[in-house]
Amino acid sequence: MKLPAFHVLHRLLALAGGLAMTALAQAAEPPVFALTSADTFLASPLRHLPAEDASDSLGTRLKLVELDATQRAWLSDFVHEEESRCGGYFAFPSRGEALDFLARDRSLEGVLQPAAASYVIDSQPTVAPWLPQVSEANIRATIAHLSSYQNRYYQSAYGLSAAHWIRDTWLALGHGRRDVRVELVGCTGCSTQPSVILTIDGAELPEEVVVLGGHLDSIRSGAGSNTEQFAPGADDDASGIATLTEVLRIALADGWRPRRTVKFIGYAAEEVGLRGSAALAGQFQSAGINVVGVLQFDMTNYRVGVPYHLQFITDYVNGPLLSFSYTLFDAYLAPLGLIRRSITCNYACSDHASWTSKGFPAVMASESGDTDYEFFPYLHSANDTLAFIGGSANSSVPFAQFGLAFLGELAKTSTRPQALLNDSFESDAALPQGESVRVALPAR
Ligand SMILES: [Zn+2]
C-alpha cells in the first residue's frame, strides 16, 4: 500500500527543489515522442494531453505522446514515484521514429523465440572457482565512486565524466589482453553521454554474442533537466555497474577466454526513455549481429525485510533464457542458501526491453523490495546513497555470482590455444579518436 500523504508531500518538495534548481542550470532538451503503456499514461498527470493509441506485437495497449522537457520529466517522476520502477517509456526525437520503432517491434519474437544457443550447464570447472572470489569491498568501492558524482545525468558533464571513468576502469581490467577492447558509443541526437562497451572477442564462435549490462546514468525526480541536480544513484544503477565490474574483474583475472564474444555494456540515458540501449539494440539488429543472450542488472544493492536475494523479471523477457536463468540460479546460487523470486515490471521497465523489442533474447534481474515497494524506496532521490542502502554491498554479491554463472555458462570457455588468439590480433590503435573510440592496450 502506498501512503498518499507521503507522495503529495514528496512531490511538493521535489517540485520546490526542482524549481529552485531550474534557475541554476536547465539543459536545453528538445521535445520527445514517448511510448508508454496506456495504463501508465492514463494514471499519470499527463493523461489530458493529446495522445495516439497504439499497441506492440505483444498486444500491450500503448500511448504515443509528444512531451516537452518539463512533461518528459513529469512522466519520469510519475513512473519513478507512483509505480516505483526505473524506466517506463521509450523516447524518440520524432514521431516518425517512434512509429517506425512500433512498426518494427519484435517483442513477441523476443519473448517467444526458442533458445538461441545450447542452454546446457556444463562449465562448473570454470564457474565454481569464480563464485567465492566475489568481493563485497570491490563492489562497494565502485558504488562509492560512482555515487560521488553530483549526478550521472545524461546531459551533464558529470554524466560524461562517469562514462569515461567506467571506460578507464574496464580498460585497466583488460590490460594486456589483445582480445579485449573498450569503446564509447555515442547516441547522436539523443544523448551527450555515451554508452560504454567492453568486448572480449570470442575465440571459437566470435559471431555469437553474449551481453551483460546495466545503465550508467542517474536522475532525480523533480529536477527536470537540470544538469546540476543532486542524483547520486548509488542503488540505481551504480550497483548494477559495480556488480558487472566485479564479474569482469574475476573473469579477466582468471585469464578466462570465452568461446563466444562477450560484451559488457554501461548504457547511457536509460532514465529518460531507454535511449542508449534502444540505439545499441537497433545498431546490433541492423548489423545482423547474432546476440544469443542479454542479462540486465538494474538495482542490485537494496534488501530489507525480504527473504529473497534476487528477483527475475518475467515480462518482456525471453522465456527459454529466463528458464535457463532459473536453472543457473538453482545450480549455482541455491546451494549457497540464496533464494530467488519472480515479478512483472511492465512496459519499458529497463534496458532489457530495448533488446526484446528487436527480437533478441534478454532477461533482467533486480533486488527484491518489501511489500510496499518493488524496488528501493528512495530511487531517483538525493537519498539514493550508499549509506541509505546499508553502507555495504552485501546485497550485490549474489548478483555478481549470478552474473559469473551466466557469463561462464552462456559464453563458455575456449579451449583454443592462446598462441592462435594472439596470431589473429590486429591493432586498433590507428582508428580515429571520436564518438566511437576503440582502445587496445599492448600485450603484457
Ligand atoms: Zn535504474
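The model is predicted. The chain has 444 residues, of which 59% count as buried, and contains 14 helices and 13 strands.

**Overall chain**

- The protein chain exposes about 16200 Å², and carbon and sulfur atoms supply 57% of that area.
- Counting contacts between residues at least 6 apart in sequence, 83% join residues at least 24 apart.

- Four strands form an open sheet in the order S2-S3-S1-S4, with antiparallel pairing.
- Its edge strands are S2 (52-55) and S4 (89-92), each of which pairs on one side only.
- Neighbouring strands in this sheet are turned by 30° against each other on average, with direction ignored.
- S2 is joined to S3 (residues 61-67) by 4 bridges, and the two strands run antiparallel.
- Within this pair, Asp53 stands opposite Lys63 of S3.
- Helix H3 (residues 69-82) packs on the sheet and touches S1 (32-37), S3 and S4. The direction of H3 makes about 145° with that of S3.
- Helix H4 (residues 95-103) lies across S1, S2, S3 and S4, and runs at about 35° to S1.

- Strand S5 (residues 180-187) is mostly covered, with 8 of its 8 residues buried.
- Val180, Val182, Leu184 and Gly186 point one way from S5, while Arg181, Glu183, Val185 and Cys187 point the other way. Residues on both sides are buried, including the charged Arg181 and Glu183.
- S5 and strand S6 (residues 191-200) run antiparallel and are joined by 7 bridges.
- Arg181 has Thr199 of S6 opposite to it.
- The hairpin has 3 residues between the strands, and Gly189 takes a positive phi near 80°.

**Salt bridges**

- The count of salt bridges comes to 17.
- Arg61 and Asp39 form a salt bridge, with the closest N and O atoms 3.8 Å apart. This pair links distant parts of the chain, with Arg61 in strand S3 and Asp39 in helix H2 (residues 38-43), 22 residues apart. Arg61 and Asp39 are both exposed.
- The side chains of Arg167 and Asp168 meet in a salt bridge at 3.0 Å, N to O. Arg167 counts as buried because its relative accessibility is 18%, under the 20% limit. Asp168 has a relative accessible area of 39% and is therefore partly exposed.
- Arg249 forms a salt bridge with Glu246, the closest N and O atoms being 2.9 Å apart. Both residues lie in helix H9 (residues 234-253), 3 residues apart, about one turn of the helix. Arg249 is partly exposed, with a relative accessible area of 25%, whereas Glu246 counts as buried at 3% relative accessibility.

- Glu271 lies in the loop between strand S8 (260-267) and helix H10 (275-286).
- With a relative accessibility of 1%, Glu271 counts as buried.
- Leaving out residues up to four places away in sequence, Glu271 touches Ser76, His80, Cys86, Tyr89, His215, Asp217, Ser218, Ile219, Asp236 and His380.
- The C-alpha atoms of Glu271 and Arg220 are separated by 9.5 Å, and the two residues are 51 apart along the chain.

**Nonpolar surface patch**

- Leu58, Leu108 and Leu112 make a nonpolar surface patch of about 260 Å².
- Leu112 is found in helix H5 (residues 107-112).
- Leu112 counts as exposed because its relative accessible area is 58%, over the 50% limit.

Key:
Residues are numbered from 1 along each chain as its sequence is written. This is a predicted model: local features need pLDDT of at least 70, side-chain atom pairs count only at pLDDT 80 or more; totals for chains, interfaces and linings use all residues. Side-chain values use heavy atoms; hydrogens and water are left out. Patches are made of residues with over 30% relative accessible area and no salt bridge: like charges are joined within 9 Å, nonpolar side chains (Val, Leu, Ile, Met, Phe, Trp, Tyr) within 5 Å. Accessible areas come from the Shrake-Rupley method with a 1.4 Å probe; for residues, only the protein chains shown count as cover. A salt bridge is a side-chain nitrogen of Lys or Arg within 4 Å of a carboxyl oxygen of Asp or Glu. Buried means under 20% relative accessible area, exposed over 50%, partly exposed in between (1.4 Å probe, protein chains only). Two strands pair if DSSP finds at least two bridges between them. Axes are lines fitted to C-alpha atoms, for helices over the stretch in contact, and angles run from 0 to 180 degrees between N-to-C directions. Contact means heavy atoms within 4.5 Å.
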